[in-house]
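Here are my notes for a colleague who wishes to go through this structure point by point. Please read them with the coordinates open.

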Number of protein chains: 2
Amino acid sequence: MVPADLMRIEKLVVIGVGLIGGSLALALKRRGVVGEIVGLGRRVETLEEAVSLGVIDRFDTDHSAVQGADLIFMGVPVGAMATQFERIAPYINDRTTITDGGSTKQHVIDDARQILAGGASRFVPGHPIAGSERSGVAAANAALFDKHTVLLTPLPENDPSIIEQVTRMWQYTGACVETMDPVKHDRILGLTSHLPHILAYTLVDFIARGDNAERCFDLAAGGFFDFTRIASSDPIMWRDITVTNRESLSESIGDFIERLSALKELVDQERADEIESLYRFAREARNRLVDKRKS
Amino acid sequence: MVPADLMRIEKLVVIGVGLIGGSLALALKRRGVVGEIVGLGRRVETLEEAVSLGVIDRFDTDHSAVQGADLIFMGVPVGAMATQFERIAPYINDRTTITDGGSTKQHVIDDARQILAGGASRFVPGHPIAGSERSGVAAANAALFDKHTVLLTPLPENDPSIIEQVTRMWQYTGACVETMDPVKHDRILGLTSHLPHILAYTLVDFIARGDNAERCFDLAAGGFFDFTRIASSDPIMWRDITVTNRESLSESIGDFIERLSALKELVDQERADEIESLYRFAREARNRLVDKRKS
């Protein structure tokens, strides 16, 4: 039984049925708030897999399938959003709400405004801060967003009612919804998510191309595994994130290089006390974060 | 019942009863190959805790306690090894075997030769590739070394019989023992362990000192937690590792900065294909490593 005050989504179209789109579909089904879920994508195999896993009810490869949707969720890499906006543009109207799960926001907003023009008012940009180094619909799970934060970066032209609609959709998955300015979103996520991915990819690449690569990997301990886990993430998704957030990221990489050069100087000059202070400060900051999570 | 061919350690002295020294003591007790375990340290509280946890049988704060030991294990940070060598020097003889668990090897070897002179022939340098961001005796556990690698970097002046003795000691803990040249050890561990720690500490420090520090940490996802886990490691231990391996590390940090600068250029120039190739190459290298571990 669905409580009367639950918002129903009669027809949800998920474009790109991967980890995020698939998990959203499963979470909404679990909550019993959705009528029909249609998966839209290019690869029939993936879509068939999604049906057989019970993630979507049916699928289509033609974008006319978005017609009559209350809600369209775009779960494709951020570099593919523009093409998707172009393809859905002919079929959307004043009753359609569009949202996405892209990891960078300003670029997607620019795409939406350029392609959908006035229709961009129907687009509420979003980003669930959840994921995994695994990708694909087989990794989807209904609990992925439980107690995770979803950031919405609404547009001034959005009607409050559709912001509310997207907010409730995410709340039904168990997530906590916050709103944020898109530029700030890209800067903050650039630091806590994009930069670490870049460091992990660069470190593994660096070691793998070195003289002792095999021996290095043989002797890698648990710390190395955890540190590089995110280097197993989807290269296309992360290429797109890197390129679409390049201004903010380039600045962060540059700043990080400066910090690392400063530490190298401490190392070269054997300034042990300052090295210890830096490590101690970092450990305390991280431990506070861990304590905060626990409480 | 101890099988007749097991090597007994009648008296083991553990200098520095922390995560590594404590876990070694517990693992050897579990295997039933050790007579008495004496803990040696500065802080009586820690030593009392170690006794109450059943890690050591008794403790002392005076280095004369090493007299009559078959085996001395030095579980102190690498920067503290020299002082320990000085203090045990008066009490060691041709029956004493000394080994350590330090994360850098060349520096400890230099200390041993300088301080123990001919007595350095009784010292077999070692490094268990196991650990945790946790430290202290409360984190010690008998299974820490199970199936982990222990690297020994024996000296030309070591008698084969004491290399064999230290090898068997580690095998009793469940570890696989390999030998390696100390310079190569420091270079390889510099890449797979020391450099990642430095990157993790530097990243947390960088973000924690930034404008949006609180907001950044609030929005950090699982990837950030795993990536920075090693930034919760003991600052003194890691200060010592950084300083004692500074030549090799300085070179690795410098090389890494070059790689990161090259990637920054790809980002600035929007060279998406090359970014994707780098990410793909890194992911494949890491995934091969994960598969190897599993098998």
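**Notes on the helix pair, the domains, the interface and a sheet**

1. I begin with two helices of chain A, where A:D186, A:R187, A:G190, A:L191, A:H194, A:L195 and A:I198 in α6(A) meet A:S248, A:L249, A:S252, A:I253 and A:F256 in α10(A). Sorted by class, the residues in this contact of α6(A) with α10(A) are six nonpolar, four polar and two charged. The model is a predicted one, and the points below should be read with that in mind.

2. As to the geometry of this pair, helix α6 of chain A spans residues 182-208 and helix α10 of chain A spans residues 246-268, and the two pack at an angle of about 60° with their axes 9 Å apart. Because of that angle, α6(A) counts as oblique to α10(A). The crossing in which α6(A) passes α10(A) is right-handed.

3. Between them, 14 residues of domain 1 of chain A are in contact with 15 residues of domain 2 of chain A. On the domain 1 side of that contact in chain A, the residues comprise four nonpolar, eight polar and two charged.

4. Turning to the contact between the chains, 72 residues of chain B are in contact with 72 residues of chain A. The elements of chain B that give two or more residues to the side touching chain A are α6 (182-208), α7 (213-218), α8 (222-228), α9 (235-244), α10 (246-268) and α11 (272-294), and the most comes from α6(B), with 16 residues. By class, this side of chain B holds 42 nonpolar, 15 polar and 15 charged residues.

5. The last point concerns an open sheet in chain B, in which three strands follow the order β7-β8-β9 with mixed pairing. The edges are taken by β7 (126-128) and β9 (176-179) of chain B, each of which has a single partner strand, so one side of each is left without a neighbour in the sheet. From one strand to the next the twist averages 20°. Strand β8 (residues 149-152) of chain B runs parallel to β9(B) and is joined to β9(B) by four bridges, with B:T149 standing opposite B:C176 in β9(B). Helix α5 (residues 160-172) of chain B packs on this sheet, where it touches β7, β8 and β9 of chain B, and the direction of the helix makes about 165° with that of β8(B).

Key: Residues are numbered from 1 along each chain as its sequence is written. Chains are lettered from A and ligands numbered from 1 in the order in which they are written. This is a predicted model: local features need pLDDT of at least 70, side-chain atom pairs count only at pLDDT 80 or more; totals for chains, interfaces and linings use all residues. Two residues are in contact if their C-beta atoms, placed from the backbone, lie within 7 Å. Ala, Val, Leu, Ile, Met, Phe, Trp, Tyr, Cys and Pro count as nonpolar, Asp, Glu, Lys and Arg as charged, and the others, Gly among them, as polar. Axes are lines fitted to C-alpha atoms, for helices over the stretch in contact, and angles run from 0 to 180 degrees between N-to-C directions. Angles under 35 degrees count as roughly parallel, over 145 as roughly antiparallel, 65 to 115 as roughly perpendicular and the rest as oblique. A crossing is left-handed if the near helix is turned anticlockwise from the far one by less than a right angle, and right-handed if clockwise. Two strands pair if DSSP finds at least two bridges between them.
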